[in-house]
Amino acid sequence: MNHEIYLILRRPGQSRLVRNLLAAICVGLITGLIVGCFRWIIDQTLRGLAIIYPYLNHHPIYLIPYIIVTFIICWILGKVIQPELQNLVGSGVPQIEAVMLDINQLPWWSILWRKFIGGLLAICPGLFLGREGPCIEMGAMVGQGLSTKVFHLNKEDQRLLLSCGVAAGLSAAFSAPIAGTLFLLEEITFQFKAKTAVTALASAIVADLVTIIFFGTKPCLYLPMKDLLPTSAYFPLIGVGIILGLFAYLYQYVILTLPSLYGHLKFIPRHYHSIVPLLLVIPIGLWQPIILGGSHDLINHLVKGDFAQLATAGSMSLLSLAMVMLIIRFIFSMVSYGSSVPGGIFMPILVLGALFGVIFAILLIQWHLLPAANYINVVIICMTAYFGAIEKAPFTAVTLLTEMVGSVEQIFPMLLVTFIAYVVNDWLGGRPIYSALRQQIYGK
């Protein structure tokens, strides 16, 4: 079968673009299948935690075997990560950038299966990590593997297929093919080439099509905005953008200092740093299992049901709860990511942005600067702006949130606040977070 595919792709007279598109479609298909399984397992496990932790609250004796299982997970993570620690740490995006810059080469099969297993072992217990980082790296490894083992492409086209895997991985993770392609161009290649854009988009579309089979056509974070922001709300949003830019810089600063902070744990080998967040997540789960994981469910909880009704009423007690959640999410996101386990930062950043949005929306409603009906608008705008400022990828941010929430009505305020937050972070000296992490790992 592989030989037949190879002969088709090498058929005389067939254009190079068509060959690359066919190869990109193969990358998207396989990546979509892998990421679809990965997403499904994580979703089911996190739903299970919502049942397990209340049960543990009522039957604390079972905490003993649960903690024993936690130590076993830590031991397995150490054994899975240990052979490829530098290549598996964190989201994997800095490592892909290093490949594109010829700084490092990744053993594609070793990374692929270790990232799959390690990502599940890290995310399923509820650590505040995103699924998108492992999905992106797994997609890239699919592209690299197919380009070398199946299609036998030259070095330039190998990079092209690896790029297709990046776009396909993010597309499948969030059901967002356009954002997946823009992320590749804005964060990985740092340039727009028609050949790269077209082939990557083809791969992203196919990957998204596969995930539709798993999860349906509904956007993965469906939050329709029924009421448009009045122009009178734009002025206070300028202040919101400035504050988000300041906190974006704080996020970057803290995440870049994590290796030195974990370096003080001399009594724990680096490969087993995961025991710190794995144990600390247990009391958090016993308190509020809804805030565990990435977490899509928490964002839905913040903008729907009783929580949203209290927020639109300007509840100050709810404001205090949102602040507590924000502090816990911020600190434990850092604790989780800094432990060198496989996991991304996309969703943790979006959750922090959503909590900022809840806080700002409640205050603006309380001060009569925002109609209560626009509560959800501010939450989505803050998610976009905070993500765009930290990643220094405003186009990806706006496109990603537009595809994820299934609404295009509020593009302008999303752009406005994202641009302001981006400029503030840049003025303070903020850098593209993945490039900064790559330099930290490889020294260049």
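**Notebook: aromatic pairs, buried residues, loops**

I started with Y55, which counts as partly exposed at a relative accessibility of 40%. The model I am reading is a predicted one. Y62 is partly exposed too, with a relative accessible area of 42%. Both values fall between the 20% and 50% limits, so neither residue is labelled buried or exposed.

I then looked up the aromatic pairs. With ring centres required to lie within 6.5 Å, the count comes to 17 aromatic pairs. Y55 and Y62 form one of them, with 5.7 Å from centre to centre and 40 degrees between the planes.

**Whole protein**

I counted secondary structure next: the protein has 20 helices and zero strands. Its radius of gyration is 21 Å, close to the 22 Å that the globule rule gives for 444 residues, so the protein is as compact as a globular protein of that length. Along the principal axes, the C-alpha atoms fill a box of roughly 70 × 55 × 40 Å.

I read 58% of the 444 residues as buried. The accessible surface comes to about 17,700 Å², and carbon and sulfur atoms account for 70% of that. Among contacts with a separation of 6 or more, 82% are between residues 24 or more positions apart. For charge, I have 25 positive and 19 negative, and their mean positions are 8 Å apart.

I placed N377 in helix α17, which covers residues 375-391. N377 has 0% relative accessibility and therefore counts as buried. What does N377 contact, once neighbours within four places in sequence are left aside? I listed M225, D227, L228, L229 and Q410.

N104 sits in a loop, between α5 (93-100) and α6 (108-123).

**L129**

I found L129 in the loop between α6 and α7 (132-150). L129 is buried, at 1% relative accessibility. Which residues does L129 touch, apart from its neighbours within four places in sequence? I noted A122 and I123, then G293 and G294, and then S336, Y337, V341, P342, G343, G344 and P348. I also took the C-alpha separation of L129 and S91, which is 9.0 Å for residues 38 apart along the chain.

**Positive phi**

S340 has a phi of about 70 degrees. I placed S340 in the loop between α15 (316-338) and α16 (346-366). H368 has a phi of about 60 degrees, and H368 lies in the loop between α16 and α17.

Is each of the two buried or exposed? S340 is buried, with a relative accessible area of 7%. H368 is exposed: its relative accessibility of 73% is over the 50% limit.

Technical notes: Residues numbered from 1 in each chain as written. Predicted model: local features only at pLDDT ≥ 70, side-chain atom pairs only at ≥ 80, totals over all residues. Heavy atoms only, no water. Helix = DSSP H or I, 4+ residues; strand = E, 2+ residues; numbered from the N terminus. Rg over C-alpha atoms; globule rule 2.2 N^0.38 Å. Buried < 20%, exposed > 50% of the residue type's maximum accessible area, 1.4 Å probe, protein only. Contact = heavy atoms within 4.5 Å. Areas by Shrake-Rupley, 256 points an atom, 1.4 Å probe, with all protein chains shown as cover. Lys, Arg positive; Asp, Glu negative; His and termini not counted. Charge placed at Lys NZ, Arg CZ, Asp CG, Glu CD. Phe/Tyr/Trp six-rings, centres within 6.5 Å; stacked < 30°, edge-to-face > 60°.
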